[in-house]
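Hi everyone, thanks for making the time. I'd like to walk you through a structure that may be new to you, so please have a look at it with me.

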Amino acid sequence: MKPGPLVAAAAIAAFLFFRRKKLEPTLLIGGVIVVIGCLIYGSGLIQLPDFKRIVEDAGNTLGNWTYLVVGVMAFFETGAFVGLIAPGETFLIFGGVVAGQGTISLVVLIGITWTCAVLGDLASFYAGRRLGRQFLVKHGPRVQITEPRIRQVEAFFDRHGGKAIFLGRFVGLVRAVNPFLAGSSGMPFRRFLPYDVLGAGCWATMLLVLGYVFWQSFDKVLHYAEQGTLALGTVIVVVAAAVWAYRHFRVEENREAAARWIDKQLDRPVLRPLGKYIIYPVARWLRGPLVFFWNRITPGDLGLELTTALTIAAVGSFAYAANAIGLNDRSDMPGDATAFRWADDIRGDALDGIARAVTHLGSLPVVGAATVITIILLLTRRRIIESATLASGLIITYVAVHIAKDAVDRPRPPHPLVETAGQSYPSAHAAYAFAWVAIAVVLTRTLPGLARTTAVITAAVILAAVIGLTRIYLRAHYLSDVIGGWGMGATVFSLCGMTGLVVAFLRHNGHRT
């Protein structure tokens, strides 16, 4: 007899019984199967197979095909509503396990899965915009999307507002139809995309890393699982307490009662100095920032500035870190040689001259001069925070680029067409080029004369992209250097922009950091 599986079976059975009216049929059936399996295994009637050997064999058989399998399933999770039938989490955890064996790269797998998940959401979003809710009502039952399920997801939208795009990625039923309903409801694309990219990135990274770590500690996991009765009971108690606390304090009267109780305790002579000189001053100071972060940083309630900046920082930091990690194991990255071949195919004297001229727009003297001119213009309009944001962004980028160059210490490509010096990764020109995007964003926010804000920012993004491509064309950098430079520049300027937004809010509301 094994008490652990028997206790687990009892706990799962109790959960299924009390939540039977709110769980999906597939979850109920799966839960019953798990309970039966735990009972049979706990009674000692059967012995479990060697799961470690099974997973090893599966990983060795698939090899690099794991990238395709996991990516396709991440796309179809929402792009074709497959998540209602076969939860994509299973495939992602399996992909992380295969990466843990060393067969494939975890970093590359995260990038592929993240991209495919976003593409699947976009396909579903535009399908919803084109076909509308009635299409889902009419044809949804064929893939288990019934009208009660649609109403359940819509109720989730009503409760959480814009946050549903981010939070829905972590809820099985909601995730499968969330993008379609967002499109059919008329949600603007520019509002949908940042929340979706953040949600997909967190979802993919969390599950893949979970599978990776699970494999790295497979033997320990099995050992603790066999003796995990106490841990299981603790988890159940903690989860139940958290659910109760959330539901209890969601009611305003309960929150007020708790506040009165705390005030009463802190009014006692022994605790009065603690409340007067520490707790209440800190609470008053934190009230503004906490309200700001809850109402504006949480996806859905932000006017897009902060969420968009956070999204760019997330993608940029991944682009930089992925290439930096890859270069620790190898001297070249996928795509580097191909990019040089494409550049050689289109090479010509006229294009050489244009590339040499454009690439100077990403040099520190040119970018620095443009930043200084912009700062002077901003200071004439008393835009101190925006000026500090631009200046700190460029300074931090400069420092970060040179620290990274020394840390990675990658040699330059052979036979460059322009003069080069120092290490190759990341591309400083590509990183500095994002200052043009930051300048465009700041100017469109502060100068009312720039009416076509989208066109100005788009032009700046294209300029930053072209500057980076000229570094590849002129063989001054590898493709991975440029991608890493773009990622670093995007991350630094986005984080500086987020800081500027927070400081502006605190200043406007009378807080000082």
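I'll talk about some backbone details in a loop first, and then about aromatic rings.

One thing to keep in mind as we go: this is a predicted model.

Let's begin with the loop between α20, which covers 384–408, and α21, which covers 428–446; Pro426 lies in that loop. What is the peptide bond from Tyr425 to Pro426, cis or trans? It is cis, with omega near -5 degrees.

Stay in that part of the chain, please. Asp409 also lies in the loop between α20 and α21. Asp409 is not a glycine, and yet its phi is positive, at about 55 degrees. Is His415 buried or exposed? It is exposed, and its relative accessible area is 64%.

Now for the rings. How many aromatic pairs does a search of the whole structure find? The search gives 8 aromatic pairs, and I'll show you two of them.

Trp114 and Phe318 make an edge-to-face pair, 5.7 Å centre to centre and with 65 degrees between the planes. Trp114 lies in helix α6, residues 106–131, and Phe318 in helix α16, residues 305–329, so this pair ties together parts that are 204 residues apart in sequence. Trp114 is buried, with a relative accessible area of 11%, while Phe318 is partly exposed at 23%.

The other pair is Tyr126 with Phe189, and this one is tilted: 5.8 Å centre to centre, 35 degrees between the planes. It links distant parts of the chain, with Tyr126 in helix α6 and Phe189 in helix α11, residues 189–216, and the two are 63 residues apart. Tyr126 counts as partly exposed, at 41% relative accessibility, and Phe189 is partly exposed as well, at 28%.

Which ring does the charged end of Arg347 sit over? That would be the ring of Tyr473, with the charged end 4.6 Å from its centre. Arg475 lies over the face of Phe340, at 4.3 Å from the ring centre.

That's my tour, and I'm happy to go back to any of these spots with you.

How values were computed:
Residues are numbered from 1 along each chain as its sequence is written. This is a predicted model: local features need pLDDT of at least 70, side-chain atom pairs count only at pLDDT 80 or more; totals for chains, interfaces and linings use all residues. Side-chain values use heavy atoms; hydrogens and water are left out. Helices (H or I, at least four residues) and strands (E, at least two) are DSSP runs, numbered from the N terminus. Buried means under 20% relative accessible area, exposed over 50%, partly exposed in between (1.4 Å probe, protein chains only). Rings of Phe, Tyr and Trp (its six-membered ring) pair if their centres lie within 6.5 Å; planes under 30 degrees apart count as stacked, over 60 as edge-to-face and the rest as tilted. A charge sits over a ring if NZ of Lys or CZ of Arg is within 6 Å of the ring centre and within 35 degrees of the ring normal.
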